[in-house]
Amino acid sequence: MADAPKTLLYLVPTPIGNLEDITLRAIRILGEVDTVLAEDTRTSGRLLQHLGLKKPMLSYHLHNEHQQVQRLLERLERGETMALVSDAGTPGISDPGFLLVRECLARGLRVECLPGATAFVPALLKSGFGAERFTFEGFLPVKKGRQTRLQELVHEHRTMIFYESPHRIVKTLEQLAGVLGSERPASVSRELTKLFEETVTAPLAELAANFAARAAIKGEIVLVVQGREKEERIKEDRYKNDDRDE
């Protein structure tokens, strides 16, 4: 039986806040690879220092990934091993990573993704909404396509998860309240795993008012919105059937 091909690229989740939230395997891989690809070398450098690791690092982020990919592929094809990390959480989830993974797989280069910290999972479970079925929407478009995306969510019955920045969260809550209804239950989690971790669960309009009244909002945010109630869908379908009968 032929030996399995050597893994050349590892996707390594890093803590979203609490530095203890890193796996033993992640620490081992970071210590074994030849190079660490980091979204921000300063942020990842502090993590490596905390772990007692010294590794060559390369910057790999949203603004240079298209320029970097070809050079990285050439090095990987020569047998160099690399670990891709983001500033926090699992790389490739609303962070750079997809392009490099796709091109590695297209060239037959083995890629492994380690399990680990991901911000939306604790936020989803802390919301108290159904986690059996959910949809991860990531960041909503900032301008073009934003209203279209919001309208597409009107009939969504699964729990919806969004990432949002502190300076846009109030606008997003207000817009979702306008589209999905002011009374739709939702949950805002920020500073997850950190000292001042906070989760607030309330109707969308109430959440918008809550955060609009704050002098400042800090920390990365995960917004979880309950899906459309089954009774609402049944009622609407009945009305549609009635319309067809006329």
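Analyst: Happy to! Three bridges join β1 to β4, and these strands run parallel. Keep in mind that this is a predicted model.

User: What makes β1 and β4 count as a pair?

Analyst: Two strands pair if there are at least two bridges between them. β1 and β4 are joined by three bridges, so they meet that cut-off. As an example, L9 stands opposite M82 in β4.

User: Which sense does the pairing of β1 and β5 have, and over how many bridges?

Analyst: β1 pairs with β5 (residues 110-113) in the parallel sense, over four bridges.

User: Why is β1 called largely enclosed?

Analyst: Five of the five residues of β1 are buried, so the rest of the structure largely encloses this strand.

User: Why is L140 called buried?

Analyst: Buried means under 20% relative accessible area. L140 has 4% relative accessibility, so it counts as buried. This residue lies in the loop between β6 (134-138) and α6 (146-152). Beyond its neighbours within four places in sequence, L140 is in contact with R146, R149, L150, F162 and T172.

User: How do you know that the span of α3 is close to the expected one?

Analyst: Helix α3 (residues 65-77) has 13 residues and reaches 18 Å from first C-alpha to last, close to the 18 Å expected at 1.5 Å a residue.

User: Which residues of α3 are buried, and what covers them?

Analyst: The buried residues of α3 are E65, Q68, V69, L72, L73 and L76. Their cover includes β1, β2 (35-38), β3 (57-59), β4 (82-85) and α4 (98-106).

How values were computed: Residues are numbered from 1 along each chain as its sequence is written. This is a predicted model: local features need pLDDT of at least 70, side-chain atom pairs count only at pLDDT 80 or more; totals for chains, interfaces and linings use all residues. Side-chain values use heavy atoms; hydrogens and water are left out. Helices (H or I, at least four residues) and strands (E, at least two) are DSSP runs, numbered from the N terminus. The expected span of a helix is 1.5 Å times one less than its number of residues. Buried means under 20% relative accessible area, exposed over 50%, partly exposed in between (1.4 Å probe, protein chains only). Contact means heavy atoms within 4.5 Å.
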